[in-house]
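Hi there,

Here is the structure I promised to pass on to you. Have a look at it first, and then read on for what turned up in it.

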Amino acid sequence: MLLNRMLQTMQRIQNDRLQLPIFYESPFALRFEIGDPHLANDQPLYIRQALWRAKFLYDAIAQPDILLWVLYRTKDSNTEDIPKLLERFCTLAHLPQPAQVYQQETTDSDGAPLVRIFFLWDCQDTPPDVVSLLDGIIQTDFSGFLELASAVFFFDTQNALLFHLYDDRGLDIVAAEKQSLLELYQKCSNWLLDYDRKRMDDTFSDLCVKDILD
């Protein structure tokens, strides 16, 4: 089942609850800045560049086999809009209805009741329109589809990788083994978010030294 494979992958990357922010909850992770801070975010070039970076990083990792969209609902949320939101998501990503739906009762950071609805698709059986979906996430704050922000996850369950574009500003990629991320760390170093660069350097520096010695 998709859900079981996804949960096993979450355990392998040591983030059992899919806790956000993904980068800080995962031992082996990279955080990329995809929106150029030197460009105004209302410029078409800003969006095009962010999409190009996101798609480049997506293509650089092993092909994801599970797509997850998480819809968050509090006790005050309108539940009648869920079918419309799901239809909007499926239209954007050119997808049929999800292969699996799972509902989880949990709490938010303040301890208030929260329901997470997991919609899962098999990317091999029903491949999404990746470019349209990435573009939709990047334009979350501009298009008004707020339920995409920090809520779409691509899993590579065979290689235990997670790709998480959260909005127009950034993107996290995590793995069960840091060796899996070393090439991206080295080749895309200029895209790494400076604010978290020290954490990433500390994580991967020993592998870089080993490569030099070898």
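Let's start with two helices: the axes of α4 (residues 82-93) and α5 come within 7 Å and cross at roughly 125°. Axes here are lines fitted to C-alpha atoms, for helices over the stretch in contact, with angles running from 0 to 180 degrees between N-to-C directions. Helices (H or I, at least four residues) and strands (E, at least two) are DSSP runs, numbered from the N terminus. The pair α4 and α5 is therefore oblique; angles under 35 degrees count as roughly parallel, over 145 as roughly antiparallel, 65 to 115 as roughly perpendicular, and the rest as oblique. On the α4 side, F89, L92 and A93 make the contact, and on the α5 side S132, L133 and G136 do (contact means heavy atoms within 4.5 Å).

Before going further, please keep in mind that this is a predicted model: local features need pLDDT of at least 70 and side-chain atom pairs count only at pLDDT 80 or more, while totals for chains, interfaces and linings use all residues. Residues are numbered from 1 along each chain as its sequence is written, and side-chain values use heavy atoms, with hydrogens and water left out.

Not counting residues up to four places away in sequence, F89 touches L67, W69, L95, W121, L133, F145, L148 and V152.

Next, find P128 in the loop between β4 (113-122) and α5 (130-138). P128 is buried, with a relative accessible area of 12% (buried means under 20%, exposed over 50%, partly exposed in between, with a 1.4 Å probe and protein chains only). Leaving out residues up to four places away in sequence, P128 touches L67, A93, L95, C123 and F154.

What about disulfides, and how many are there? The search of the whole structure finds zero, a disulfide being a pair of cysteine sulfur atoms within 2.5 Å. For C123, the closest cysteine sulfur is in C90, 13 Å away, too far for a bond. C90 counts as buried at 6% relative accessibility, and C123 does too at 9%.

Enjoy exploring!
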